[in-house]
Amino acid sequence: MALIQIQVPDIGDFDEVGVIELLVKPGDTVAAEQSLITVESDKASMEIPSSHAGVVKSVTVKLGDKVKQGSVIAELETADAAAVAPKPAPAPAAQAPAATETAAPPVAAAAPAAAGPIEVRVPDIGDFKDVAVIELLVKAGDTIRVEQSLFTVESDKASMEIPSPVAGVLKELKVKLGDKVNIGDLVAVIEGSAPAAAPAQAPAPATAAPAPAAGAAVAAAPVPVQSAAPAHDPTVAPTGRLPHASPSVRKFARELGVPLPEVKGTGPKGRITAEDVQAFTRSVMAGTTQTQAQAAKAPAGGGTGVGLDLLPWPKVDFAKFGPIERKDLSRIKKISGANLSRNAIVIPAVTNHDDADITDLEAFRVSTNKENEKSGVKVTMLAFLIKACVAALKKFPEFNSSLDGDALVYKQYWHIGFAADTPNGLVVPVIKDADKKGVLQISQEMGELAKKARDGKLGPADMSGATFTISSLGGIGGRYFTPIINAPEVAILGVCRSNIEPVWDGKAFQPRLMLPLSLTWDHRVIDGAAAARFNAYLGQILADFRRVLL
């Protein structure tokens with residue numbers, strides 16, 4: 001008998017991944033390649049297998065620990081340590097938002113990949129027919145990653161992006177804007193490599209299809225890996241225990257507002273995958289599934305009170321009263337409308353109104369633009385506001401946080417979103433790491449993002465990660481308004497047009513340029529006193545911008 005240490009193998013370009021699941025305990029007998037723990041980075045989750053067979057004497061890590069290549073995770077007692085050669089661990093699979101989490105049983109080394117032109121077809125996207133292509137995300141000649149979105153389709157109830165199942169070079173995109181597509185339609189041809197079939201240690205399910213060879217059609221939907229564990233029984237009601245899902249899937253569900261206990265997992269041991277969350281969302285959007293919250297709040301008379309026990313929405317034949325014109329809402333308005341409705345209803349929001357004296361700051365802004373006229377970068381008041389808000393967020397960190405269940409997540413980064421008006425609706429580009437950028441750099445980046453917004457070229461990365469948002473109507477007018485918080489943020493600042501007003505200085509009224517501020521905040525996180533202090537401090541910074549340096 002020999003006592004050996006099991007170490008974390010080479011798991012790719014990852015450093016200190018978190019342990020999210022322990023799969024064995026002391027006393028267990030394990031086989032070679034049997035999984036011992038599950039680890040997860042911000043991009044992938046994977047199971048770490050045992051390089052030897054034997055009896056587990058101790059597990060040297062616990063949930064939440066950070067491990068890296070070479071870390072000892074367990075001690076095994078084996079019959080003969082020298083008789084068993086360590087086997088390489090499976091490579092991590094990148095986990096994009098739309099990808100299925102595959103906590104798969106151990107498999108043997110994969111056979112070489114088959115290269116050649118691969119046909120990509122529309123996957124099963126739910127009970128939809130003739131969905132319209134509304135956005136092309138790639139073009140012929142582009143290098144495509146696995147799970148990279150190719151184009152966006154939209155029905156009358158939902159929109160979704162169609163991903164590529166393989167990596168390679170896009171030879172041909174066979175759809176164009178306005179085309180109608182259905183499940184199984186050929187949409188692209190990619191020159192790349194398709195995974196060849198690999199023999200598994202356990203017999204494959206009878207319904208499993210062989211992997212595609214070169215030139216074969218590949219469905220764009222990831223297929224859940226079958227497990228030898230007992231199948232999840234969808235007829236069993238959810239228990240009081242936490243749903244079986246990884247942290248990244250939990251975060252994805254929170255972003256979509258999906259109640260995880262109501263989602264039926266299709267992964268090994270009933271594990272909920274990102275695809276399960278997406279399928280649940282699609283069924284709710286299509287009206288085929290009702291959440292428990294909606295069912296509990298539905299009117300007793302069976303009305304359509306949208307789950308809030310409200311009166312049904314009035315149905316009116318407007319044509320009876322005069323001529324009408326009917327236009328479909330834009331994609332942006334459909335998406336933002338649903339989010340804004342949720343945020344307005346769920347968040348107990350309160351708005352504080354105040355005024356900031358920006359007389360000196362406006363004079364400085366005008367002189368700065370004159371000095372930098374040749375650079376082509378025009379400094380706006382919004383750029384100064386972004387820097388001022390970063391200073392206020394650092395002084396009052398609860399405004400830069402998010403609720404996560406019963407915990408409050410304080411973010412140590414300052415990404416500021418700004419609402420941009422476009423012909424198709426409102427979008428919110430994000431200035432990343434605004435604390436590390438000067439006003440000139442912020443102004444330049446804002447101009448570039450605003451142009452991309454007007455041209456409809458903003459990508460998901462351009463609009464994600466904001467910790468605080470500013471909605472400015474300064475170029476249009478108005479006095480005050482009540483902006484809706486952009487969840488999961490906890491506050492938003494509304495700004496209107498500045499005006500010259502008489503302000504008493506203790507001896508006489510002086511003409512001062514006053515900027516109206518409207519701060520909306522989540523009362524679950526912030527109280528009125530903190531909000532008043534935030535607004536007052538923000539006003540002090542705008543009145544004397546040197547305070548940003550303090």
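1. Disulfides come up first: the structure holds zero of them, a disulfide being a pair of cysteine sulfur atoms within 2.5 Å. Cys389 is buried at 0% relative accessible area, and Cys496 counts as buried too, at 2% relative accessibility. Here buried means under 20% relative accessible area, exposed means over 50%, and partly exposed lies in between (1.4 Å probe, protein chains only).

2. A quick word on what you're looking at. This is a predicted model, in which local features need pLDDT of at least 70 and side-chain atom pairs count only at pLDDT 80 or more, while totals for chains, interfaces and linings use all residues. Residues are numbered from 1 along each chain as its sequence is written, and side-chain values use heavy atoms, with hydrogens and water left out.

3. Now have a look at the open sheet of four strands, with the order β1-β8-β6-β3 and antiparallel pairing. β1 (2-7) and β3 (29-30) stand at the edges with a single partner strand each, so one side of each has no neighbour in the sheet. Strands (E, at least two residues) are DSSP runs, numbered from the N terminus, and two of them pair if DSSP finds at least two bridges between them.

4. Thr29 has Val55 in β6 as its bridge partner.

5. Finally, Thr422 sits in strand β23 (residues 420-422). Thr422 counts as buried because its relative accessibility is 9%. Beyond its neighbours within four places in sequence, Thr422 is in contact (heavy atoms within 4.5 Å) with Ile332, Val427, Ala453 and Arg454.
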